[in-house]
Amino acid sequence: YRYLYYYLRQSMDYIKLFASGSTFPELSGTRLKRIKITIEQDVTVQKKIASILSVYDELIENNNKRIKILEQMAENLYKEWFVRFRFPGFETTEFENGIPKGWKVVRVKNCLMRLPFNRLYKQDELESSGKVIVIDQSSNEFMGYHNNEPSHYASFEEPIILFGDHSCKFVLMTKNFSLGENVVPFKSISTEEFDNYYLYYAVHKLIVTEEYKRHWGRFTAMKIFKPQIDLQRKFAEFVKQLVHEKEMLWNQKQNLIKQRDLLLPRLMSGKLEV
């Protein structure tokens, strides 16, 4: 069954030809069963092909799990320090009105600086690989790549935060990138007031989409804590290491996906012997 799964996966363009419907093409189970395909007859070879491709999928899934663990570690640290107020030195901290003395409650719009969109890209302008990644507001990790100059420059030291205006998708970018439509780039209004890593974790779960409309106004009207900048920076130093490791795992995952997708048609066609 694993061999059949991979065979169908690499034959999707062919299989889609049998789908019906103009707006949302569908393929019924009955019609799917009628499609004729040519497969490797030797079951032993089938198993070898499936075994090779499965190794890549297992490695990819392992990287996904490790990335989720790193994300959860950063989330837990944020909650521990800035939700439960168990930050370094909390034992001797005075509280006023239920929050640590010196902290403020501020609106998001007073914390950030909105950046220009610059050059926007559409799907038909992009490739499956390239120098510059393009982020859209969909649930996908990215839309594609191009080989032009990036529309925005980001790094681990100077990250940029993205907000999908309709989908409420948040992304912390630490490498150069470009954008699809309706993605708002922003950063801290001043690094002397807000660290960008702190700002990302403070806002990235404030709002979720409820209907297809613009959410920027509602998002920026919300409130977050403004702790002392030294505490924000201390948090950022911990989180930056997790983000860096996550980025390395993500790059490894993309390389594994690329290698698997290159092998898939060659193994299925017999051009590459197992």
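In strand S8, Leu 162 has Val 171 as its bridge partner. That pair is a handy way into this predicted model, where local features need pLDDT of at least 70, side-chain atom pairs count only at pLDDT 80 or more, and totals for chains, interfaces and linings use all residues. Residues are numbered from 1 along each chain as its sequence is written, and side-chain values use heavy atoms, with hydrogens and water left out. Helices (H or I, at least four residues) and strands (E, at least two) are DSSP runs, numbered from the N terminus.

**The four-stranded sheet**

- Strand S7 (residues 160-164) pairs with S8 through four bridges, in the antiparallel sense; two strands count as paired if DSSP finds at least two bridges between them.
- The open sheet they belong to has four strands in the order S4-S10-S7-S8, with antiparallel pairing.
- S4 (112-114) and S8 (170-173) sit at the edges with a single partner strand each, so one side of each has no neighbour in the sheet.
- On average, neighbouring strands here are turned by 30 degrees against each other, direction ignored.
- Helix H5 (residues 196-203) lies across S4, S7, S8 and S10 (183-188), and runs at about 130 degrees to S10. For such angles, axes are lines fitted to C-alpha atoms (for helices, over the stretch in contact), and values run from 0 to 180 degrees between N-to-C directions.

**The three-stranded sheet**

- Another open sheet takes three strands in the order S6-S5-S9, and its pairing is mixed.
- Its edges are S6 (144-146) and S9 (177-179), each with a single partner strand, so each has one side left without a neighbour in the sheet.
- From one strand to the next, the twist averages 40 degrees.
- S5 (residues 132-135) and S6 run antiparallel and are joined by three bridges, with Val 134 opposite Gly 144 of S6.

**Nonpolar cores**

- A nonpolar core here is a set of buried Ala, Val, Leu, Ile, Met, Phe, Trp, Tyr and Cys residues joined through side-chain atoms within 4.5 Å, and buried means under 20% relative accessible area (1.4 Å probe, protein chains only).
- The largest core has 55 residues, and those with the most contacts inside it are Leu 162, Phe 163, Phe 186, Val 203, Phe 219, Ile 224 and Phe 235.
- H7 is the top contributor to this core, giving eight residues.
- A second, separate core has 13 residues, among them Tyr 6, Ile 60, Leu 256 and Leu 263.
- Beyond its neighbours within four places in sequence, Phe 219 is in contact (heavy atoms within 4.5 Å) with Val 108, Leu 112, Phe 163, Phe 170, Phe 186, Val 203, Leu 206 and Ile 207.

- Helix H1 (residues 2-10) has Tyr 3, Tyr 6 and Tyr 7 as its buried residues.
- These three cover an arc of only 100 degrees around the axis, which puts them on the same side of H1; the arc is that of the directions from the helix axis to the C-beta atoms.
- Their cover includes helix H4 (43-82) and helix H7 (229-269).
- H1 packs against H4 at an angle of about 70 degrees, with the axes 8 Å apart.
- H1 and H4 are therefore roughly perpendicular, a label used for 65 to 115 degrees.
- Ile 67, in H4, is buried at a relative accessible area of 7%.
- Not counting residues up to four places away in sequence, Ile 67 touches Lys 246, Leu 249 and Trp 250.

Conventions: Buried < 20%, exposed > 50% of the residue type's maximum accessible area, 1.4 Å probe, protein only. Parallel < 35°, antiparallel > 145°, perpendicular 65-115°, else oblique.
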